[in-house]
Amino acid sequence: MIGDGIEDEEKWLSEGIAGLQQNAFYMHRALDSNNLRDALKYSAQMLSELRTSRLSPHKYYELYMRAFDELRKLEMFFKEETKRGCSVIDLYELVQHAGNILPRLYLLCTVGSVYIKSKEAPAKDVLKDLVEMCRGIQHPVRGLFLRSYLSQVSRDKLPDIGSEYEGDADTGMDAVEFVLQNFTEMNKLWVRMQHQIAIALSGLQGPAREKEKREKERNELRDLVGKNLHVLSQIEGVDLDMYKDTVLPRILEQVVNCKDEIAQYYLMDCIIQVFPDEYHLQTLETLLGSCPQLQATVDIKTVLSQLMDRLSNYAASSGEALPEFLQVEAFAKLSNSIGKVIEAQVDMPVVGAISLYVSLLTFTLRVHPDRLDYVDQVLSACVKKLSSKAKLEDSRATKQIVALLSAPLEKYNDIGIALKLSNYPPVMDHLDSATNKVMAVVIIQSIMKNNTCISTADKVDALFELIKGLIKDLDGTPVEELDEEDFKEEQSSVAGLIHMLHNDDPEEMLKIICTVKKHILTGGPQRLPFTVPPLIFSALKLVRRLQGQDGDVVGEDQAATPKKIFQLLHQTIEALLSVPAPELALRLYLQCAEAANDCDLEPVAYEFFTQAFILYEEEVADSKAQVTAIHLIIGTLQRMNRALRIANAAQQMASATRGSGGPVTLFVEILNKYLYFFEKGNPQITSTAIQGLVELINTEMQSDTTASDSSADAFFSSTLRYIEFQKQKGGTMGEKYEPIKV
């Protein structure tokens, strides 16, 4: 039994090393005096220290390496003995008289190495003899190290093609047969350790911790087994045909039949790592066919992921390999195998299945980037796997879904391609609300980063359906419960996205605007202040492009004309009143009024100004907001080139709001507009109209309900002084101003 105490194990190791060194000393003395019999006697006693069962694999390895170094010296002595006339055949027979089987077999392997090198017998016969005799050791640890020693001393003496030990016939096969047989026996010994662990644990307390410890010890020995596969991969005689017909089937037979989780995972990984990529490609069906036969606890997703990663790297490094992938139908075989593995491992968690699809998608995007149908097939398979679950609750599975959805965006840098994938939205629908938003932001960031222009209404509709987690509430979570900063950031990203929507064709652009309006108006009052303004400005950009057109185009319900767009704008801004956001709505009304004025649509401009004044009078209550609103209205009037009728309308509306205090400044601004048109000779502005407006301002300023405003007083006084100046200046202009009494 392996000792439980570290101190005991150290003591046993020290005792073993001491015994080994003592016998090695006497062996060296015998070697120096060319005393063969004493050399064999003490070497056998030295090797008897390896018969211990007390040491863990790690400690046993320390002891083994000391013995290995001594055996190297013994082998050199045997070589010298043959040069001095000692028959290597007699030597081979002589060492078999060692009393204990383990020392005997180590000595046989050592002499066997000299025997092969002498070429007095075919290498294949000596190797066959040795590999058979090593069956005499069935203790797992001792047997593994013995066979590892055999593998090491014979590695450069295999009867391989082109080797000096090649022989006459099909010697490549002889080398393969030897390595395969040694591999098979070593794997059996390694797997047997697991059964010993189970027996040992049956009578122990705290078996979980002990099992972990012993399985760790077992894993320390795996490289002894795996080295055989590396040796196989280096044999010249192992071409594609031999690998396909003999090597791989024999290895997989051992892997499947051992029914051991640790061995199956490790050996599948070894196969993938040590043999050439082109061999994997040409034997894909055989290799994948073994996957569903493995134990359900084997981490097959990692194995398959590594295989797909190697194959995709192979495709990336060699353009000539791509036709091979199509020829062997690599994608179909991988996809089919993954489906069978998921079906066979009924207890596989969702995260495991999705990670397999992520690996398959990565492979597809790297090897077949032009095959969107392959990409959609992967997504379809994922949707099928997720169909039994409404929303994912496993955070690890959620991360894998995000990775799955992000892969096409990163590969193509074009959301338009992702929108062509019919199974992309259904996969996204399985995300919880928070992650759905994260993914939506990722999509928008991809569009921004790559400056992608979404140019058709259908694509816009599909895109906004995809990012609906940002557009509206998906699971009934009130917006008030969301983090304010996160919410603002999300909605700002949507606003930025709206500016990325464009088409040079006005008809299609109008359809895009209508599509966006349809989606954003479902967002609720908290989102509208973020999403309505960019839509308004996007529509106004279209209006500027169409400037000069008026009226409807006969026979076309969706004709893009300024009038139709302004109707849509009016409806959209009205939605802000439900927020309520009167100040924002007022600003947008003024923007629309200015644009309508530029298009010579004065009735439309009048309507927008009317709505702005109504908002000012009825909804803007804060005094600071009122001052800001007045300045905005005045500023808009100042920028408008054809503002006469609007000014008249402004006077009428300002008159309607008398008593509120704010319109005084507006009246003075309108008076200045009147004076401008009066001087230009516009017949609609008469001295009587100006006189009436001056009297209206005086009356308003003297009203008890009007708050004192020093800036408005100064503005009006300055205007009156200007009128007096023009009267006193004389001439034609003086005559025009003469009837006005100030």
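Select lysine 73 to begin the tour: this residue is partly exposed, with a relative accessible area of 42%, where partly exposed lies between buried (under 20% relative accessible area) and exposed (over 50%), computed with a 1.4 Å probe on protein chains only. The structure is a predicted model, in which local features need pLDDT of at least 70, side-chain atom pairs count only at pLDDT 80 or more, and totals for chains, interfaces and linings use all residues. Residues are numbered from 1 along each chain as its sequence is written, and side-chain values use heavy atoms, with hydrogens and water left out.

Lysine 73 forms a salt bridge with glutamate 70, their closest N and O atoms being 3.8 Å apart; the term requires a side-chain nitrogen of Lys or Arg within 4 Å of a carboxyl oxygen of Asp or Glu. Both residues lie in helix α3 (residues 57-83), three residues apart, about one turn of the helix; helices here are DSSP runs (H or I, at least four residues; strands are E, at least two), numbered from the N terminus.

Next, select glutamate 484 and lysine 488, which form a salt bridge with the closest N and O atoms 3.4 Å apart. Being four residues apart in helix α26 (residues 484-498), the two are separated by about one helical turn. Glutamate 484 is exposed, at 51% relative accessible area, whereas lysine 488 is partly exposed, at 35%.

Then move to lysine 468 and aspartate 429, whose side chains meet in a salt bridge at 3.6 Å, N to O. Lysine 468 lies in helix α25 (residues 468-471) and aspartate 429 in helix α22 (residues 424-429), so the pair ties together parts that are 39 residues apart in sequence. Lysine 468 counts as buried at 17% relative accessibility, while aspartate 429 is partly exposed at 34%.

For a network of salt bridges, select Glu10, Lys59 and Glu62, which are linked in this way. A search of the whole structure finds 23 salt bridges.

The last stops concern the backbone. Lysine 119, in the loop between α5 (101-118) and α6 (123-133), has a phi near 65 degrees, a positive value in a residue other than glycine, and is partly exposed at 48% relative accessible area. Finally, select valine 579 and proline 580, which are joined by a cis peptide bond with omega about -5 degrees; proline 580 is in the loop between α29 (562-574) and α30 (582-598).
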